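Hi everyone, thanks for coming along this morning. Let's take a look at one model together, and do stop me if a term is new.

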Amino acid sequence: MPRRSHSRRAVLIVVIVLVGLSIPSLLTLLTNTLSPRAAEEAQEARTAQVPVAAAFYPLAHLLTEIGGPQVRVFTLTKPGVEPHDLELTPKDLVDLPKMRLVAYLKGFQPAVDEAVAQQAAHAAYDVSPAARLTVASPSDPATGGTDLHFWLDPLRYAAVGTALAEQLAAADPPHAADYRSRASAFAASMAQLDQAFSTGLKTCPTTKLVTSHNAFGYLAARYGLTQVPIAGLSPDQEPSAKALADVAAVVRSAGVRTIFTETLVDPKFAQTIARETGATLALLDPVEGITDQSPGKDYREVMLANLAALRTGLGCS
């Protein structure tokens, strides 16, 4: 009987000591008493990044910028792949259910829409409402007649970043303040970029923006330009002979000197119109993905390169 009393007293002392420890100290103490592998697992749990997925580059860039070191970003559309042509791999389908957040743009990539609905409905977030998709594209009924390339308007892009910060905060509450702080900083950066475009494109004698495909509606709407696309929202949509003739007529009548092509799109139709009209070709990147041929290493750098190309191609002073 005395031995049992002594044992109870020892247990009570241990409990009192543990209660007096802070949570981090308690975790450290427990980790030190575990087996080596168990200790490793406990450490990994404390420092684990939140797994999140993005359908394509602009959303991946937002998650990276706003998520910071607290997240690990998986991008479904790999570098060099045209987003509209995406086909998911078996590994993608296996990994999707493991994600805490999956950011996608409904209607932009049908393969992603289907996979998200089947594999990651619990974590899916369609950015369309935050992007306020208001630019019409009547020639593209597959998208509901709406242009989806919202990220080419820096202010809309920032708004989606703010919305994603709230999604990350919900998925990882301990770091909510970090996500919101980074989103605020990102929005300020995008406001500066918007100002650069507004100033740089204020005095352009030509406002007709002739492009390889219908990807620049939001940029055009924000900065007072009129887009004249050769192909539809999907660059795979080949223009008819009449459509090519109509674009060539606009180039001649408006005195367009430059036709803008892209890194991920075959320029053959733009080259045809350039030969017929005497216009030159220049690169205007829709920032759907970053490759070795991109005129910058990230969204902001590519957009600034786009601004320089527009100023030259539109003859801005």
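Let's begin with Val102, whose bridge partner in strand S4 is Ala124. Strand S3, residues 101-104, pairs with S4 in the parallel sense, over three bridges. Two strands pair here if DSSP finds at least two bridges between them. Helices (H or I, at least four residues) and strands (E, at least two) are DSSP runs, numbered from the N terminus.

Before I go on, this is a predicted model: local features need pLDDT of at least 70, side-chain atom pairs count only at pLDDT 80 or more, and totals for chains, interfaces and linings use all residues. Residues are numbered from 1 along each chain as its sequence is written, and side-chain values use heavy atoms, with hydrogens and water left out.

Back to the strands. They belong to an open sheet of four, in the order S2-S1-S3-S4, with parallel pairing. Strand S2 (71-75) and strand S4 (124-126) are at the edges with a single partner strand each, so one side of each has no neighbour in the sheet. From one strand to the next, the twist averages 25°.

Now for the helices. How do H9 and H13 lie relative to each other? The axes of H9 and helix H13 (residues 299-313) cross at roughly 5° and come within 10 Å. H9 and H13 are therefore roughly parallel, a label for angles under 35 degrees, while over 145 is roughly antiparallel, 65 to 115 roughly perpendicular and the rest oblique. Axes are lines fitted to C-alpha atoms, for helices over the stretch in contact, and angles run from 0 to 180 degrees between N-to-C directions.

H9 (residues 176-200) also packs against helix H4 (residues 57-67), at an angle of about 120° with the axes 8 Å apart. That makes H4 oblique to H9. The contact (heavy atoms within 4.5 Å) involves, among others, His61 and Leu62 of H4 and Tyr179 and Phe186 of H9.

Last stop: empty space. Rolling a probe the size of a water molecule over the atoms shows where it is left. The largest cavity has a volume of about 40 Å³, and its lining residues include Glu82, Thr263 and Pro286. A cavity is a set of points on a 1 Å grid over the protein atoms alone where a 1.4 Å probe fits but cannot get out, and lining residues have an atom within 4 Å of a point.

How values were computed
1 Å grid on protein atoms, 1.4 Å probe; cavity = no way out; pocket = protein on both sides within 12 Å on 5 of 7 lines; lining within 4 Å. Points joined across faces, edges and corners; volume = space filled by probe spheres on them.
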